[in-house]
Amino acid sequence: MQPGPSERDPYNGLTRAEPTLPSSAYWDAEAYQRDLDAIWYKSWLLVCREADLAQPLAFRTFRIGTQEIVVLRDETGALRAFHNTCRHRGSQLCQESEGRLKARLITCPYHAWSYSLRGDLVRVPSKSLPEGFDKAEHPLYRVALSVWSGFVFVNLAEDAGGSAETSFDPASGDLSNWPLETLVSGHVLRKVMNCNWKIFWENFNECLHCPGVHKDLSRLVPIYGRGLMGRHDDPQWARHADNDAPEFSGGLRAGAETWSSDGQAHGPVFADLTPAERAAGQTYATSLPSMFIVGHVDYVRTVRLVPLGPEQTELTAEWLFSSEALEAPSADIDNIVAFGRQVLEEDAGICEVNQKGLRSMRHKAGVLMPEEYDLHRFHNWVRERSAAHSPKP
Ligand code: FES
Ligand SMILES: [Fe+2]
């Protein structure tokens, strides 16, 4: 996303009434297809962690819109991604969602064309090969892959540029002091939400809903209880510029260390965090359209989105801990997981309520309030990508 108005003026809020996207953007089949073509098939997307494919020959398949991708670790240890489609007559190749290949080859279940784990076609069992057929011209359809801090991203664009790392919003947080690569999974939540993927991101981008929707979170993060995300969201911020109380500074309530039901850390605190990162209690980094990650002092949480249809989105949240934390008898992971699940359930629930109202034939578009400045940035990000995408004739 482009830098927001905060870089020119310390007050973050919108000063003009800006329209939302048109309501049809959230349910229309053509609009959904445009989102897939212009955004999802052209962006770096989180699929899994490197640790999920730890062994050579491990593979997983992923669906993004209508596209099915296989990601594997080859015999040399390199990660590779391909469309899960045979070059002969287009059969699906890997039929399971995850597993271990039985050989250093991917063999099509239909007529047994075999591909090396680099994607080269190496074996065609026909009795003879027709004139003009060159195996070298029929490798698997390769997909760009990039790893950031142990997280595996793919990009379906044939001319994919940049990397997983450059896909993060530069205005979002920096998690370089968190030991992301060594963390292990403590809990996974999978949930199908009956809402368009953009509804989830809109909700993520504002806290006007926090006082009403997140009562417990608003107690833990007092500025959320004011419907604000940060100090400069308040038009009167200058009057409280030197006030470090959390309802103005944005940190956790006095005495709280992390997002957990009791506000306490459960397990060792990450050693390399700065005093400011500890005091903040939460550092968000965002990679649109597929994920955000939050660093807390004792654990990290990722949320990954996959669009399933115009009005359906799959959310996968994963809680990552140091292995010491998971092994420590004092570590009460449930206290942490329960709080995060509660917030996600509250968000998913209100996103579904939002979706239900959008079909009104009278509601062509909504209007944004000053606190929804990040939502406006998100809308502009969507608009720019849609405009840049010209459908093929
Ligand atoms: S479709 Fe794969 S070998 Fe025929
Ligand atoms: Fe929320």
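Q: In this predicted model, what relative accessible area counts as buried, and what value does Leu358 have?
A: Buried means under 20% relative accessible area. Leu358 falls under that cut-off, so it counts as buried. Its relative accessible area is 8%.

Q: Which residues does Leu358 touch, leaving out those up to four places away in sequence?
A: Leu358 sits in the loop between helix H9 (333–357) and strand S17 (365–367). Contact here means heavy atoms within 4.5 Å. The residues touched are Ser23, Tyr26, Trp27, Ile199 and His363.

Q: How far apart in space are Leu358 and Ser287, C-alpha to C-alpha?
A: Along the sequence, 71 residues separate Leu358 and Ser287. In space, the C-alpha to C-alpha distance is 26 Å.

Q: Which protein atoms are the donors of the iron ion (ligand 2)?
A: The donors lie 1.9 to 2.8 Å from the iron ion. Along the chain they follow the spacing H-x4-H-x132-D. Both His209 and His214 are buried. The donor atoms are His209 (NE2), His214 (NE2), Asp347 (OD) and Asp347 (OD).

Q: Why is the arrangement around the iron ion (ligand 2) classed as it is?
A: The 4 donor atoms subtend angles of 51 to 150°. Four donors count as tetrahedral if all angles lie between 85 and 135 degrees.

Q: How many disulfides does a search of the whole structure find, and which cysteines are joined?
A: The search finds 1 disulfide.

Q: Is the link of Cys207 and Cys210 left-handed or right-handed?
A: Cys207 is buried, with a relative accessible area of 5%. Cys210 is buried too, at 3%. The angle about the S-S bond is -90°. The link is left-handed.

Q: Which cysteine sulfur is nearest to that of Cys94, and how far away is it?
A: Cys94 is in no disulfide. Cys94 counts as buried, at 7% relative accessibility. Cys108 is also buried, with a relative accessible area of 5%. The nearest cysteine sulfur is that of Cys108, at 10.0 Å.

Q: What span should helix H10 (residues 373–388) have, and how far apart are its end C-alpha atoms?
A: Helix H10 has 16 residues. The expected span is 1.5 Å times one less than the number of residues, so H10 should span 22 Å. That agrees with its end C-alpha atoms, which are 23 Å apart.

Q: Which elements are included in what covers the buried residues of H10?
A: The buried residues in H10 are Tyr373, Asp374, Leu375, His376, Arg377, Phe378, His379, Trp381 and Val382. What covers them includes strand S1 (19–22) and helix H2 (197–204).

Q: How far apart are the C-alpha centres of domain 1 and domain 2?
A: The domain assignment gives domain 1 as 5–18 + 168–388 and domain 2 as 44–155. Across the two, 17 residues of domain 1 are in contact with 13 residues of domain 2. The C-alpha centres lie 35 Å apart.

Q: Is Leu129 buried, partly exposed or exposed?
A: Leu129 is in the loop between strand S9 (121–123) and strand S10 (142–148). Thr61 is 68 residues away in sequence and 31 Å away in space, C-alpha to C-alpha. The relative accessible area of Leu129 is 41%, between the 20% and 50% cut-offs. Leu129 is therefore partly exposed.

Q: Is the peptide bond from Leu288 to Pro289 cis or trans?
A: Pro289 lies in the loop between strand S13 (283–287) and strand S14 (291–295). Omega of the bond from Leu288 is near 0°. The bond is cis.

Q: What is phi of Leu57?
A: Leu57 lies in the loop between strand S2 (45–49) and strand S3 (58–64). Leu57 is buried, with a relative accessible area of 14%. Its phi is positive, in a residue other than glycine. The value is near 80°.

Q: What is phi of Ala112?
A: Ala112 is in the loop between strand S7 (105–107) and strand S8 (114–116). Ala112 is partly exposed, at 25% relative accessible area. Though Ala112 is not a glycine, its phi is positive, at about 65°.

Methods
Residues are numbered from 1 along each chain as its sequence is written. Chains are lettered from A and ligands numbered from 1 in the order in which they are written. This is a predicted model: local features need pLDDT of at least 70, side-chain atom pairs count only at pLDDT 80 or more; totals for chains, interfaces and linings use all residues. Side-chain values use heavy atoms; hydrogens and water are left out. Donors are N, O and S atoms within 2.8 Å of the metal (3.2 Å for Na, K and Ca); water is not among the atoms, so sites may look incomplete. Four donors count as tetrahedral if all angles lie between 85 and 135 degrees; four count as square planar and six as octahedral if opposite donors are over 155 degrees apart and all others between 65 and 115; anything else is irregular. Buried means under 20% relative accessible area, exposed over 50%, partly exposed in between (1.4 Å probe, protein chains only). Helices (H or I, at least four residues) and strands (E, at least two) are DSSP runs, numbered from the N terminus. A disulfide is a pair of cysteine sulfur atoms within 2.5 Å. Domain bounds come from an automatic or database domain assignment.
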